[in-house]
Amino acid sequence: MSLCKEIREAAMDVFEKSLQLLDDYFVNTDPSVVGEQLAKIDSLHVDGPAPDEYFAEFTLGYPCEAWFQTNETVFQTLNYEVEDLSFLSESFNLLNKLICKQHFNSNLAEEFGQQDNIYKAA
Amino acid sequence: METTGHHTCSKRNGRSYILDHAPFFAGFNEKTHRLQFLGAGYYFWDDNIEMATKWGEDHYNNEYCILECKLNMPGGIFLDLVGNRSHMRYFRNVAVKYAESGYAREKWSLGSFIEHLKMLEKDRPGIFPFKVIRAVDLLPRDEHSKWYFVSGKRNYTLLDPRIVICITEKNALILQSKKIVYESL
């Protein structure tokens, strides 16, 4: 390593150095290798939340566990296909427990960025 | 910078095992098919025995110990996404670099970027030198923690945020002391 390069690197803080190395990686690495390395992380990613995690989130502290337990299959489907919100609305109307409904909707809305639609449907 | 970290673990192997081996590693969660929040590592609540207790009740069927550790978080290996805007800016810029290079990963979580960068660090030292990462864990229901600055305004701050710390390797520089401060009955 040249003295000049050494001095320059010493002056760089860890963050600048990190970003510079990241640039170098993208520029100097064979795109197929980058693709492979990204794919390793992609393969860990799943769209939507894990069903049991949602199950715990939505029921925490609210008196609707029985409803979720009896509708678990539907609930799991909803986690991944949040399209039939009218069904969701009907279910909650039957449940008629406002606090649960509000809590569920606010979490769902935040997760899927569809606040308006969900509130309309509910 | 130093802080106190609280780590919850199962008590099934006994106190001496815990003192010898804890904190315990949290990797990719096969059950939920999810990464840990800040990637794989050794997790602590930042000075939060209440959350460590809740974690034990919820995740260890109320059979748990809480380990209290003195954590040293030295500059250069500490990525502070809680109280340092320049660190936060850095991480935002990381995502920008991916996009600018044609490898945008809009759906990647924080944990995904961290895991990828850790993978790159093995061959390119310095690309992600961080061994301690800290972040606030927020949920919409964190109402109890809200404190309004003044009456009549909606602006607030949180005085009881959940702060998670992930250390990626156990060494004496970071993990300076440990003791069991609670064991469930």
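User: Is Asn61(B) buried or exposed?

Analyst: This is a predicted model, and what follows is computed from it. Asn61(B) lies in the loop between α2 and β4 (64–72) of chain B. A residue counts as exposed if 12 or fewer other C-beta atoms lie within 10 Å of its own, and since Asn61(B) has 10 such neighbours inside 10 Å, the class it falls into is exposed.

User: Where along chain B is Pro23(B) found, and what is the omega of the peptide bond from Ala22(B) to Pro23(B)?

Analyst: Pro23(B) is found in the loop between α1 (15–21) and β2 (25–26) of chain B. Most peptide bonds are trans. The bond from Ala22(B) to Pro23(B), however, is cis, with omega near 5°.

User: How many helices and strands does chain B have, and why can it be called as compact as a globular protein of its length?

Analyst: Chain B comes to four helices and 10 strands, and read along the sequence these follow the pattern β-α-β-β-α-β-β-α-α-β-β-β-β-β. The globule rule gives 16 Å for 185 residues, and the radius of gyration of chain B is close to that value, so the chain is as compact as a globular protein of that length, with a radius of gyration of 18 Å.

User: What share of the 122 residues in chain A is buried?

Analyst: Chain A has nine helices and zero strands. A residue is buried if 20 or more other C-beta atoms lie within 10 Å of its own, and in chain A the buried residues make up 10%.

User: Why does helix α3 (residues 31–42) of chain A lie largely in the open, and how far apart are its end C-alpha atoms?

Analyst: Of the 12 residues of α3(A), the number buried is one, so this helix lies largely in the open. At 1.5 Å a residue, the helix should span 16 Å, which agrees with the separation of its end C-alpha atoms, 16 Å.

User: At what angle do helix α2 (residues 14–28) of chain A and helix α3 (residues 85–100) of chain B pack, and how far apart are their axes?

Analyst: Two packed helices are described by the angle between their axes and the distance between the axes. Here the angle is about 10°, and the axes are 10 Å apart. Angles under 35 degrees count as roughly parallel, so α2(A) is roughly parallel to α3(B).

User: Which residues of α3(B) does α2(A) meet?

Analyst: By class, this contact has six nonpolar, one polar and two charged residues. From α2(A) come Phe15(A), Leu19(A), Leu22(A), Asp23(A) and Phe26(A), and they meet Tyr90(B), Asn93(B), Val94(B) and Lys97(B).

Methods. Residues numbered from 1 in each chain as written. Chains lettered and ligands numbered in written order. Predicted model: local features only at pLDDT ≥ 70, side-chain atom pairs only at ≥ 80, totals over all residues. Axes fitted to C-alpha atoms, helices over the stretch in contact; angles between N-to-C directions. Helix = DSSP H or I, 4+ residues; strand = E, 2+ residues; numbered from the N terminus. Parallel < 35°, antiparallel > 145°, perpendicular 65-115°, else oblique. Contact = placed C-beta atoms within 7 Å. Nonpolar A, V, L, I, M, F, W, Y, C, P; charged D, E, K, R; others polar. Rg over C-alpha atoms; globule rule 2.2 N^0.38 Å. Expected span 1.5 Å × (residues − 1).
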